[in-house]
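My notes are below, in the order I looked things up.

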Amino acid sequence: MSMILSASVIRVRDGLPLSASTDYEQGTGVQECRKYFKMLSKKLAQLPDRCTLKTGHYNINFISSLGVSYMMLCTENYPNVLAFSFLDELQKEFITTYNMMKTNTAVRPYCFIEFDNFIQRTKQRYNNPRSLSTKINLSDMQMEIKLRPPYQISMCELGSANGVTSAFSIDYKGAGKISSAHQRLEPATLSGIVAFILSLLCGALNLIRGFHAIESLLQSDGEDFNYIVAFFLGTAACLYQCYLLVYYTGWRNVKSFLTFGLICLCNMYLYELRNLWQLFFHVTVGAFVTLQIWLRQAQSKAPDYDV
């Protein structure tokens, strides 16, 4: 029998469950799908606003709007037009009932659990198609789905979470490594922004001195070519520190220490061309940026709210 089994309302940015139906089926397949609910809730910000995940005999559909996602589990033969019409009704009612300020500032899971009353009533209507024929018009939704069909999520896109690994993810280990290489960093702090600007400044100073050294070499042949190399290596090291501060890469901390070592070596070689204060400034900025790179680590996984 085709039917809707459960539904949830989830905040997109962090996967916080705001409300959910309280009548989960206890079958093994349904319980397994609840794990997929958790995995999807952690990836909502990276997914399109209308998606479907096929999981054996069940489908998980969801739509996202204004920072909130509406997710439902139904049997595989439940019509798409009914599924997304159901989600659309949940969305309209939730937006009408709760303003964005409340949803954005919510800190407790299921703080809008009273919305379950509306979910239950709507679910009962959609599980009885005869009651729908006179209450809703599905033609608009059918046309919308035809023009913009939901994005089909593959199992390999979910990977693993909470110890749950999809059968397909084993064959896509390479893809998993690629995604980890582009992992997001924690939000930048004020000290991190200052470090970025100072590193750019040091790089610009090295670049300017490098061009002046080239001019001196061309005019008088009295300039040591190695000084030019040292200036441009210093510029490259400062810019690479900026890159490490902004983007996540493998062995990021090790690379930052090696880059700081290169900055120190370049300034040691340029000892005769810079006074102590200039050397102190360049080395101190390099050390400060290295510290900020070490402090700004990759984002930890989203909290497990037992969705």
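**Entry 1: the whole chain**

I note at the start that this is a predicted model. I looked up the secondary structure of the protein chain and found 12 helices and 8 strands. The chain has 307 residues, and 43% of them count as buried.

I reminded myself of a general point: strands of a sheet pair through backbone hydrogen bonds, either parallel or antiparallel.

**Entry 2: strand pairs**

- Strand 1 (residues 4-11) and strand 5 (residues 68-75) run antiparallel and are joined by 7 bridges. Here V9 stands opposite Y70 of strand 5.
- Strand 3 and strand 4 run antiparallel too, with 6 bridges between them. T55 faces Y58 of strand 4 as its opposite.
- Strand 3 and strand 6 run parallel, joined by 3 bridges. C51 stands opposite Y151 in strand 6.

Then I looked at the hairpin of strand 3 and strand 4. There are 2 residues between the strands. G56 takes a positive phi near 70 degrees in this hairpin.

Is strand 3 enclosed or open? I counted 5 of its 6 residues as buried, so strand 3 is largely enclosed by the rest of the structure.

**Entry 3: helices on the sheet**

I checked how covered helix 4 (residues 116-126) is. Mostly covered, I wrote down: 8 of its 11 residues are buried. The buried ones are D116, F118, I119, Q120, T122, K123, R125 and Y126.

**Entry 4: helix 2 against helix 6**

I looked up how helix 2 (residues 80-97) meets helix 6 (residues 139-147). They pack at an angle of about 110 degrees, and their axes are 9 Å apart. Angles of 65 to 115 degrees count as roughly perpendicular, so helix 2 is roughly perpendicular to helix 6.

Which residues make the contact? From helix 2 I listed N80, V81, F84, S85 and D88. From helix 6 I listed M141, Q142 and I145. Sorted by class, this contact of helix 2 with helix 6 has 4 nonpolar, 3 polar and 1 charged residues.

**Entry 5: the transmembrane record**

I turned to the UniProt record. Its unreviewed entry places the feature "transmembrane region" at residues 188-208, 228-247, 254-271 and 277-295. I compared two of these spans with the model.

- Residues 188-208 are 90% helix and 0% strand, with the end C-alpha atoms 28 Å apart.
- Residues 277-295 are 100% helix and 0% strand, with the end C-alpha atoms 27 Å apart.

A230 sits in helix 10 (residues 225-246). Is A230 buried or exposed? Its relative accessible area is 7%. The cut-off for buried is under 20%, so A230 is buried. Leaving aside neighbours within four places in sequence, A230 is in contact with C266, Y269 and L270. I also checked A230 against G210, 20 residues away along the chain. Their C-alpha atoms are separated by 8.2 Å.

T259 is in helix 11 (residues 252-269). With 7% relative accessibility, T259 counts as buried. I looked up its contacts, again leaving aside neighbours within four places in sequence. T259 touches A237, Y240, Q241 and L244.

Definitions and conventions:
Residues are numbered from 1 along each chain as its sequence is written. This is a predicted model: local features need pLDDT of at least 70, side-chain atom pairs count only at pLDDT 80 or more; totals for chains, interfaces and linings use all residues. Side-chain values use heavy atoms; hydrogens and water are left out. Axes are lines fitted to C-alpha atoms, for helices over the stretch in contact, and angles run from 0 to 180 degrees between N-to-C directions. Helices (H or I, at least four residues) and strands (E, at least two) are DSSP runs, numbered from the N terminus. Angles under 35 degrees count as roughly parallel, over 145 as roughly antiparallel, 65 to 115 as roughly perpendicular and the rest as oblique. Contact means heavy atoms within 4.5 Å. Ala, Val, Leu, Ile, Met, Phe, Trp, Tyr, Cys and Pro count as nonpolar, Asp, Glu, Lys and Arg as charged, and the others, Gly among them, as polar. Buried means under 20% relative accessible area, exposed over 50%, partly exposed in between (1.4 Å probe, protein chains only). UniProt positions are given in the numbering used here, feature names are shortened, and annotations may be inferred rather than shown by experiment. Two strands pair if DSSP finds at least two bridges between them.
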